[in-house]
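Hi there,

Have a look at it before you read on.

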Amino acid sequence: MYNMGNIRFKDISGKAGCLVPIESKRNIPFDIKRIYYITQVPNEIRRGFHSHRQLHQVLLCLNGSVKIKLKDGNEELVVELNNCSEGLYIGPMIWREMYDFTEGCVLLVMASEYYDEKDYIRDYEEYLKEAKQFFGTK
Ligand code: TYD
């Protein structure tokens, strides 16, 4: 699938616990302008249901686990994040749905741009239309 991939971060772990350094443009492929985290999500809740036109993001599950369904208008893929050094890169025009948040799950998101609602595509039919144009030429 285009515009997504796993990122393995260096994990400095030992008896004293686990430390994962993250550096802009070194181990994530963009400059981080914004971070946010999602936590306390009830297990039956599904989030996401959108894509971005321009935004690049890396997701990292710091505790617990969560499943991410990804679509590119053609293929679909489910990735489970359950390890604090295994990140998921999601680039432009990838539809995502997040579900099965376990109790205590903390999902960290690093983003290449400030929040901009105009960058979102929240309507799936509109997404399919734009994804066809976007990926059609690749
Ligand atoms: P949204 O990105 O739709 O969350 P999710 O995909 O996890 O369901 O954002 C939920 C709400 O929060 C929406 O009203 C926009 C707002 N929001 C901000 O104001 N700033 C942000 O950086 C983000 C990510 C969301």
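How many salt bridges does the count come to? It comes to 12, where a salt bridge is a side-chain nitrogen of Lys or Arg within 4 Å of a carboxyl oxygen of Asp or Glu.

Some housekeeping before the details. This is a predicted model, in which local features need pLDDT of at least 70 and side-chain atom pairs count only at pLDDT 80 or more, while totals for chains, interfaces and linings use all residues. Residues are numbered from 1 along each chain as its sequence is written, and side-chain values use heavy atoms, with hydrogens and water left out.

As you know, side chains of opposite charge can pair when their charged atoms come close. One of the salt bridges joins Glu86 to Arg8, with 2.8 Å between the closest N and O atoms. Glu86 belongs to strand β9 (residues 86-90) and Arg8 to strand β1 (residues 4-8), so this pair ties together parts that are 78 residues apart in sequence. Strands here are DSSP runs of E with at least two residues, numbered from the N terminus. Glu86 is partly exposed at 27% relative accessible area, whereas Arg8 is exposed at 53%. For these labels, buried means under 20% relative accessible area, exposed over 50%, and partly exposed in between (1.4 Å probe, protein chains only).

Another salt bridge brings together Asp100 and Lys67, at 2.7 Å from N to O. This pair also links distant parts of the chain, 33 residues apart: Asp100 sits in the loop between β10 (95-99) and β11 (106-111), and Lys67 in strand β7 (residues 66-71). Asp100 counts as partly exposed at 29% relative accessibility, and Lys67 counts as partly exposed at 25%.

Then there is Lys118 with Asp116, whose side chains meet at 3.5 Å, N to O. Lys118 is exposed, with a relative accessible area of 67%, and Asp116 is partly exposed, with 31%.

**The ligand**

Which residues surround the ligand? They are Arg34, Tyr36, Ile38, Arg47, Gly48, His50, Met98, Tyr115, Tyr120 and Arg122, where a residue is taken as near if one of its heavy atoms lies within 4 Å. By class, this shell divides into five nonpolar, two polar and three charged residues; Ala, Val, Leu, Ile, Met, Phe, Trp, Tyr, Cys and Pro count as nonpolar, Asp, Glu, Lys and Arg as charged, and the others, Gly among them, as polar. Strands β4 (34-39) and β5 (47-52) each supply at least two residues of the shell.

Gly48 brings a backbone N or O atom to 3.2 Å from a ligand oxygen. The protein covers 63% of the 530 Å² of accessible area that the ligand has on its own, by the Shrake-Rupley method with a 1.4 Å probe.

**The sheet**

Finally, five strands make an open antiparallel sheet in the order β8-β7-β10-β5-β12. At its edges are β8 (76-81) and β12 (120-121), each of which pairs on one side only. Strands β7 and β8 pair over six bridges, pairing being called when DSSP finds at least two bridges between two strands. Leu70 has Leu77 of β8 as its bridge partner.

Best wishes

Notes. Polar contact = N/O pair within 3.5 Å; in protein donor to acceptor, adjacent residues only side chain to side chain. Helix = DSSP H or I, 4+ residues; strand = E, 2+ residues; numbered from the N terminus.
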